[in-house]
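Student: I have a complex to go through before I set anything up. Can you take me through it in short answers?

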Amino acid sequence: MEAPTGRRSAYEAQERVTELFQAHALGLVRLAVLMVGDQPTAEDVVQDAFLGLYRRWPALVDQDKALGYVRSSVLNGCRMVHRAKSHRDKIALEASTDIESAEATALLGEANREVLDALHQLPARQREAVVLRYYLDMSEAQAAQAMRVSRGTVKSATSRGIAALGRLLKENS
Amino acid sequence: MNVEERVRVATRARTGLVRDIRPLELPARQPHRQPSLPGGRRWATWVAPLAAAAVIVALAVVLVTTREVRHQPTIFPGPATASPAGVGPIVGGTPAATLPQYYAALDDPSGKAFSNPLPAHVVLGPVGVLVGDSRTGQRIATVSAPRGQTFVGVTAAADDKTFVLAAASLQLSTGVPSPSPAAWYLLRINPGSAHPTTLTRLSIPGEPTGTQFSGISLSPNGRYLAVMFQQGVWPTSNSGTGPLNLVVYSVSTGRALRAWTQQTKGFPAGYGWYYGRYSDTSITWLADGHTLAFADGNNSGEDGPPLGDAFGGVKIRTIDLVRPSGDLLAASKVVFAVKNHWCMTLQLTADGKTVICGSYYGNTAVRSAQSDPEITDYSVATGQGRLVYRFSGAYELGLANILWASPDGSTLVGSVLAQSNYNGSGVIKRSGGLIAKGVLTPLPFPLGAPDAGQASF
């Protein structure tokens, strides 16, 4: 017997969201790692974003834009992590159990660690703008869409972020 | 280098270290509620209490029967073709509470795919997967293999709802008893919902025909799939026999996170190859979540032909995932060696303290009552062995397999195949279920292939 429409939708949501996860989750976790600093937290943020997509799937007007929705959710989730410092600290402790955390520290190199440390000292909006522009090589328009701000805001946030990074790296050298 | 370039380099270096992530965890959907009964079927409202009463009476009968059976030294199997639906629930007093509730099992209605010995010109499948409830005996769903494929292996995570399935092409060459997985699938189960299973293809690569798969094992957290295989073991391959590989894949991304190899001088070497089966269950994950245990040494000198006295000298090795890829023997260490005991399944428990051997008898010059299927456990600390279960009957061929073990090995799920004649011409009996304190309590999974890893809990 054919399942009711609502149940078909739920089934379709699980299939489609799982497919999207398989295709894009790794890239989104990498993006989130740059924002929050550790992989377990980044994975939590991405999981939450896909869970939100799954729950809202039937209400999505344009399901082809699901990836954009998830990316914005991830950026928003990263901001929330920074606001909830105690939560972040708790999860950061768990990072030590990740089998690749020690390897990551060893392989990064001092110069790269300095840049990443400086990046994490930036205000959230500046960090997002810098990462989207120089890690994902997004245009100002694309970054503005992902951040849900104007192009002008992206431009100024990027400029201020790069300037701040320059100062921080100079101080550390 | 300016600041922008330094950002590019540093961010790419950091993200390049993120190579796998945990699978998506979606909530189980709401149970599917039956629509209200139409007016013409109101009789069902008074039939239901009667049916419930009948179930209670049946349960009482099963309780009494099970209790009597438990006081016998061994349990003799039911008919070889016993219907899973006819098996009663596991009831009070047993360690069933530690047993995962749900299982996925290869299900071959034709019975051809799991013949023993495998005919030379066998036409397989398609073999599906049955998802069931080990406590109630209820069949939850049957998952058909995608078109042109047949399922050949199954392995479970610890969350009781995530499985990985191996699928091979149906277009198999004759005489290849170990179909190489051409594709891998994630099976998620949501019992009680309108769609109780979801099957998603994974990006983990397949291997060419002729490859022997000696073991597959999903990590308890469902993130990693460990696979042991060797290309060119079976005669359809033109490329010769390659090295033995132990590869750990990310379930989410399909990437190989670790790959260790063992040079075998062109000989088949992976434990399980001799049995010609495709899903040996000898790879296990220890409780720390990043150490793998695997059976090895089913050959002489670990790099020679797998025959002779060394056949019974199988070793258990462990390898830590923090070790870099490279040489399998150099990166792993021997934690236990079995002497003069032919074990079809040899696995280390999650606490690392016990080695469990499911016997493989019947291939020796002396075929006698010794060939009854047996399960023995060994203390890693003392080396002392202890008979856990024996399927008595003076059989010529007996196979016992361990499909699941509690972390300390005190409770097992095993399956046995016993043949009165080695060549399969006589009586064949199969059984499978929960094994504790020397007693096997049947569980309702299909008993098609006790010599393969046909069910996972």
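Tutor: First a term: a salt bridge here is a side-chain nitrogen of Lys or Arg within 4 Å of a carboxyl oxygen of Asp or Glu. This is a predicted model, where local features need pLDDT of at least 70, side-chain atom pairs count only at pLDDT 80 or more, and totals for chains, interfaces and linings use all residues. Residues are numbered from 1 along each chain as its sequence is written, chains are lettered from A and ligands numbered from 1 in the order in which they are written, and side-chain values use heavy atoms, with hydrogens and water left out.

Student: How many salt bridges does the rule find across the interface of chain B and chain A?

Tutor: The rule gives 4 across that interface. In one salt bridge, B:Arg6 and A:Glu114 meet through their side chains at 3.8 Å, N to O.

Student: Which element supplies the largest share of the side of chain B that touches chain A?

Tutor: α1(B), with 12 residues. Helices (H or I, at least four residues) and strands (E, at least two) are DSSP runs, numbered from the N terminus.

Student: What area do the two chains bury?

Tutor: About 4,400 Å² between chain B and chain A, 60% of it on carbon and sulfur atoms. Buried area is the accessible area (1.4 Å probe) that two parts lose on being put together, summed over both.

Student: Switching to confidence: what is the mean pLDDT of chain B?

Tutor: It is 73, and 66% of the residues of chain B reach 70 or more. pLDDT is the predictor's confidence in each residue, from 0 to 100.

Student: What about the complex, which ipTM and pTM does it get?

Tutor: The predictor gives an ipTM of 0.84 and a pTM of 0.65.

Student: Last one, backbone: what is phi of B:Lys437?

Tutor: It is near 55 degrees, a positive value in a residue other than glycine. B:Lys437 is in the loop between β23 (428-436) and β24 (439-442) of chain B.

Student: Is B:Lys437 buried or exposed?

Tutor: B:Lys437 counts as exposed because its relative accessibility is 83%; buried means under 20% relative accessible area, exposed over 50%, and partly exposed in between (1.4 Å probe, protein chains only).
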